[in-house]
Amino acid sequence: MTQFLLRLFARLPLRWWHVVGALGGRLAYRYSTRYAKRLADNLRQSGIAGEPDAYRRLLRQCAVEIGKGGAEVIPIWMRPYQQTLKLVKDCQGWEHVEAAVSQGKGVLAMTPHLGCFEIVSLYYAARLPMTVLYRPPRQQWLEGIMRAGRGRGKVNLAKTDVKGVRALLTALKKGEAVGILPDQVASKGEGAWARFFGRQAFTPTLVARLHQSTGAVPLLMFGERLARGEGYRIHIEPLNADLTGSQEHTAAQLNAALEVLIRKYPPQSLWRYNRYKRPGGVQPPPEQ
């Protein structure tokens, strides 16, 4: 019954979902102290908006965009696949994918917490195979909906465990793509401390390890959320980072490249994400 209702409401225009999401984002910022504090602190310490007035305007925009991001999952997951794909109005940089494929290389498709990252893998997998890591939700009933929404086209879903990493290696060795969130907090033994907008963040090292072991081409992919619910524009660009060397070096390089991208579209970054938490069992960074 739940899925039936979600599929029914998913037919509503994307603009409607974004209006509802924007309202929800404003309300969450106003009434959730913990949510508002993390969003405000992360944005302030980034230094992106230096002037107080600019900072306040950007803060309001971020709250709205975060709300849109939560609401748009329903039409993206629950609409028929071809209707979901029609939400993508433009793709800039697909030639970088074609170049990697022509060389027989795999693609490290990195979609940070920026814009609509749900739409990117679905768009890619309508054309070429992609294996995507995912973390099962705490609510068991939601996993089936998530897998049904994300696992369409040529998508192969793999859990974030040892078996999942093996699936990534297999896909890359076959010249296929893998989808990774490069800015999530890593688990113990899977990351290194590196500065991200001036503060130490425990950064995943998986991207560098996969690149070093397979020679796959690292590409940043971002689903820009267009105004007035018009849809999405996908951006694909090479990762301007050196992924050779120590874990600390590659983590710092990755974060620096992500900062450049986020500075281009700051309102669409998921600033409420707890990027700076210390995972269990991980030693504190060498300096705060």
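Student: How many disulfides does a search of the whole structure find?

Tutor: The search finds 0 disulfides. Please keep in mind that this is a predicted model.

Student: How do you know that C62 is in no disulfide?

Tutor: A disulfide requires two cysteine sulfur atoms within 2.5 Å. The nearest cysteine sulfur to that of C62 belongs to C116 and is 16 Å away.

Student: Is C62 buried or exposed, and how do you know?

Tutor: Buried means under 20% relative accessible area. C62 has a relative accessible area of 0%, and therefore it is called buried.

Student: Why is C91 classed as it is, at 19% relative accessibility?

Tutor: The limit for a buried residue is under 20%. C91 stands at 19%, so it counts as buried.

Student: Which class does E143 belong to, and what are its surroundings?

Tutor: E143 is found in helix α9, residues 140–150. Its relative accessible area is 19%, and it is therefore buried under the 20% rule. Leaving aside residues up to four places away in sequence, E143 touches Y134, P136, P137 and K159.

Student: What makes the largest nonpolar core a core, and how many residues does it have?

Tutor: Its members must be buried residues of the listed nonpolar types, joined through side-chain atoms within 4.5 Å. The largest such set has 41 residues, and those with the most contacts inside it are L39, L108 and I180. Elements that give two or more residues to this core include α3 (33–46), α4 (52–71), β2 (107–110), β5 (177–180), β8 (217–225) and α12 (247–264). The element that gives the most is α4, with 6 residues.

Student: Which residues does L39 touch?

Tutor: Not counting residues up to four places away in sequence, L39 touches Y29, L59, C62, A63, I66, W271 and R272. Apart from this core lies another, of 36 residues, among them L87, C91, C116 and Y232.

Student: What other strand pairs with β2?

Tutor: β5 does: β2 and β5 are parallel over 4 bridges, and A109 stands opposite G179 in β5. From β2, V107 and A109 point one way, L108 and M110 point the other way, and all are buried.

Student: What makes β8 and β9 a pair, and what lies between them?

Tutor: The pair has 7 bridges and runs antiparallel, with β9 spanning residues 232–238; the rule asks for at least two. G223 stands opposite I234 in β9. β8 and β9 form a hairpin with 6 residues between them, and R228 in the turn has a positive phi of about 60 degrees.

Student: Why is β8 described as mostly covered?

Tutor: Of its 9 residues, 8 are buried, each under 20% relative accessible area.

Student: Which residues of α11 are buried, and what covers them?

Tutor: L206, V207, A208 and L210 are buried in α11. The cover includes β2, β3 (130–134), α10, β5, β7 (199–204) and α12. Just after α11, G215 takes a positive phi of about 75 degrees.

Student: How do you know whether the overall radius of gyration agrees with that of a compact globule?

Tutor: For 288 residues, a compact globule would have a radius of gyration near 19 Å; the protein has 19 Å, so the two agree. The C-alpha atoms fill a box of roughly 45 × 45 × 35 Å along the principal axes. The protein has 12 helices and 9 strands, and buried residues make up 49% of its 288 residues.

Student: What share of contacts joins residues at least 24 apart in sequence?

Tutor: The share is 76%, taken among contacts between residues at least 6 apart.

Definitions and conventions
Residues numbered from 1 in each chain as written. Predicted model: local features only at pLDDT ≥ 70, side-chain atom pairs only at ≥ 80, totals over all residues. Heavy atoms only, no water. Buried < 20%, exposed > 50% of the residue type's maximum accessible area, 1.4 Å probe, protein only. Contact = heavy atoms within 4.5 Å. Rg over C-alpha atoms; globule rule 2.2 N^0.38 Å.
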